[in-house]
Amino acid sequence: MASPHAGNAPPGVDPEAFSWFQTVDTDRSGFISVKELKQALVNNNWSSFNDETCQLMINMFDKTRSGRIDVYGFSALLRFIQQWRSLFQQHDRDQSGSISFSELQQAFSQMGYNLSPQFSQLLVARYAQRSPNPNPSIQLDRFIHICMQLQSLTDAFREKDTAMVGNVRLSYEDFLTMVVTRML
Ligand SMILES: [Ca+2]
């Protein structure tokens, strides 16, 4: 992706990422907002990324807690998305561009999660995009969201489940605290 601006990339920033940053920064503020990011990212079915996933990723790379990211954060975010995209492609076994229930179930198992088919079914029912496709399936944005949320909540659970038995006793307020601090 050649660009007339590519030569001006700040040190440590990939010229391609810099060029894309300038395109995505439509108001030329020098930062990418959630809104700008949302306009820049598309799923395989050309739907734009959902708000929650965009917000989640901005929060991850927003070092100054300003609600937006600079060119360094953006360049890290691009690498992050690229990694998710290749993982997504790897698990999209029939190359349909989305993750079906059985593909999700296999993905979880390969990632080391011990989850029932019912749980994967629940996620698909909740997060699949409505489409003419008779088999509901999950787009990249939701896949990223689900996997990150699962990772975060699993970590929280493991902190309590010190004996690694897969069960914990939690008070009501411990439960709420765990969810509130870990929901992304
Ligand atoms: Ca698929």
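This is a predicted model: local features need pLDDT of at least 70, side-chain atom pairs count only at pLDDT 80 or more; totals for chains, interfaces and linings use all residues.
Is E52 buried, partly exposed or exposed?

The protein chain has eight helices and two strands. Starting at the N terminus, the order is α-α-α-α-β-α-α-β-α-α. Along the principal axes, the C-alpha atoms fill a box of roughly 55 × 40 × 25 Å. The chain has 184 residues, and 41% of them are buried. The accessible surface is about 11200 Å², with 53% of that belonging to carbon and sulfur atoms.

Now charges. There are 16 positive and 18 negative side chains. The centres of those two sets lie 3 Å apart. Side chains of opposite charge can pair when their charged atoms come close. Here the count is three salt bridges.

Take K38 and D51. Their side chains meet at 3.1 Å, N to O. K38 sits in helix α2 and D51 in helix α3, 13 residues apart. K38 is partly exposed, at 24% relative accessibility. D51 is partly exposed too, at 45%.

Back to E52. Its side chain forms a salt bridge with R142, at 3.8 Å, N to O. E52 lies in helix α3 and R142 in helix α7, so this pair ties together parts that are 90 residues apart in sequence. And the opening question? E52 is partly exposed, with a relative accessible area of 42%. R142 counts as buried, because its relative accessibility is 16% and the cut-off for buried is under 20%.

Last pair: E159 and R182, at 2.7 Å, N to O. E159 is in helix α7 and R182 in helix α8, 23 residues apart. E159 counts as exposed, at 57% relative accessibility.

How values were computed
Residues are numbered from 1 along each chain as its sequence is written. Side-chain values use heavy atoms; hydrogens and water are left out. Helices (H or I, at least four residues) and strands (E, at least two) are DSSP runs, numbered from the N terminus. Buried means under 20% relative accessible area, exposed over 50%, partly exposed in between (1.4 Å probe, protein chains only). Accessible areas come from the Shrake-Rupley method with a 1.4 Å probe; for residues, only the protein chains shown count as cover. Lys and Arg count as positive and Asp and Glu as negative; His and the chain ends are not counted. The place of a charge is taken as NZ of Lys, CZ of Arg, CG of Asp or CD of Glu. A salt bridge is a side-chain nitrogen of Lys or Arg within 4 Å of a carboxyl oxygen of Asp or Glu.
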